[in-house]
Amino acid sequence: MKLGRPDVTTQSLEALLGQVGNTAEFLRNQQSGPNVYPGVPAEYTNWRDEQWAWQNTCVLFNQSYHMAELLVEGPGAFALLNRLGINSFKGFVPGKAKQFVPCTPEGYVIGDVILFYLDDESFNLVGRAPTLNWVIYNAEVGKDDVKLTYDERSAARPDPFGRVNYRYQIQGPNAAKVIEAATGEAAPDLKFFNMCWMEIGGKKVRALRHGMAGQPGFELFGPTADAEAVHAALVAAGKPHGMRLVGGRAYSSNTLESGWIPSPLPAIYTGESLKPYREWLTTNHYESKASIGGSFVSDNVEDYYLTPWDLGYGPFVKFDHDFVGAEALKRMDAEPKRQKVTIALDNDSVLDAMGTMFGKGDRGKFFEFPSAVYSMHPFDRVTVNGKTVGLSTWIGYSSNEGRMLTLAMLDAEFAEPGTEVTLIWGEPNGGSTKPTVEKHVQKEITGVVSPVPYSEVARTGYADGWRTRQA
């Protein structure tokens, strides 16, 4: 059983791109702003205290609404995912999870999601839609013996709260204490990205040992019918341990401290090898509505494509299996690579840019707090002596660090911590036509290259992988 192309009467992405002219310009002027986080208030208390809690006590994230899910079941499930992911599947067995990263035949990233190995012949992929769309398409054209069940994110469905599963995360220094209080047993001593079962609020709950905000924790999930009981039990268990609920406003800023870049543009808009895929995708899909923004402007959309190394996923690339994009990645492996970093922006320089708000003359692009991202896929230029040396792809304010931080990828010679760089903030020529962009002028903001993750706990506490200190 296959899902198939959702609506064959809808115009394809390929046809749309043939009508709009320049693809990069089309994406820059899309009318969509940043990804939304529905189903939770913007703030439960205030976003500063909510940020503080994930480093000092603990927090409860409600992730039930903003991510799509794809259940892949059947005899062909393992082989399908193995041939699409850059990751090795050696030793991957039920009860484990991993970050799953597929690439195009040309070696550029389509997206990344968390892949849960639930049971024999049963996998669940959770995250942004591009990766899930790619898996569905390949299952269809490959005629794999699989059953696919797609659960769309709330923002793109007619019944926003009709999700199949709830998904919560308990993160922070007191996470284990909250789990112990909620279950009546000591928190399980699980290795990173391993799963077990718990009982919370009288309900059977699946738990993944995880870390998201730079601190240890657990991701908990189960059927939506159990969501209210589990949530109430967690809230009660968390009260003695200073647990705070996190709203949509603070949620997207946690990545600044933990170092995950959540915004790779799916690299599917060009190339003959992907034309059949663009003909399969419709104007209702994520890829047709994606927006790019920022000071980096190119007329060639391929300049916005990212490699696994750009995102810190180099350690995931394993040539122990045949997968889509393997030959291209083998060639890239021998080439110079950009390196993922954090840039700590200079406080005085940020204040100078913000100070333009308090006058009637030319103003810089407005900074939203705590996340200053204003498109689905941000790309800002990072320069040294006027030369572009890399791209910033996520920006916002950490109250814990008292800094405006960006996640960036820089040419290796400029990626050493302590290197002084300049971020070009705002779009050229007064800005694009996105509704999140007001008329403004570009501003130069100085900063210092810093480790990624920026949080010391995340650098030293996570398992080896994209979050650990870059070599």
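How many of the 13 residues of α5 are buried? In this predicted model, 11 of the 13 are, so the helix is largely enclosed by the rest of the structure.

**Helix α5**
- The buried residues of α5 run through Ala129, Pro130, Thr131, Leu132, Asn133 and Trp134, and continue with Val135, Ile136, Tyr137, Asn138 and Ala139.
- With 13 residues at 1.5 Å a residue, α5 should span 18 Å, and this agrees with its end C-alpha atoms, which are 18 Å apart.
- Just after α5, lysine 143 adopts a positive phi of about 55°.

**Packing of α4 against α5**
- Helix α4, made of residues 77-84, packs with α5 at an angle of about 120°, and the axes of the two helices are 11 Å apart.
- The two helices, α4 and α5, are therefore oblique to each other, and α4 passes α5 in a right-handed crossing.
- On the α4 side the contact is made by Leu80, Leu81, Arg83 and Leu84, while α5 contributes Trp134, Val135, Asn138 and Ala139.

**Nonpolar cores**
- The largest nonpolar core has 97 residues, and those with the most contacts inside it are Leu125 and Tyr269.
- Leaving aside residues up to four places away in sequence, tyrosine 269 touches Leu13, Leu17, Thr23, Leu27, Arg278, Glu287, Ala290, Val301 and Tyr305.
- A second, separate core of 22 residues includes Cys58, Ile170, Ile179 and Met198.

Notes
Residues numbered from 1 in each chain as written. Predicted model: local features only at pLDDT ≥ 70, side-chain atom pairs only at ≥ 80, totals over all residues. Heavy atoms only, no water. Core = buried A, V, L, I, M, F, W, Y, C linked by side-chain atoms within 4.5 Å. Buried < 20%, exposed > 50% of the residue type's maximum accessible area, 1.4 Å probe, protein only. Contact = heavy atoms within 4.5 Å. Helix = DSSP H or I, 4+ residues; strand = E, 2+ residues; numbered from the N terminus. Expected span 1.5 Å × (residues − 1). Axes fitted to C-alpha atoms, helices over the stretch in contact; angles between N-to-C directions. Parallel < 35°, antiparallel > 145°, perpendicular 65-115°, else oblique. Left-handed = near helix turned anticlockwise from the far one by under 90°.
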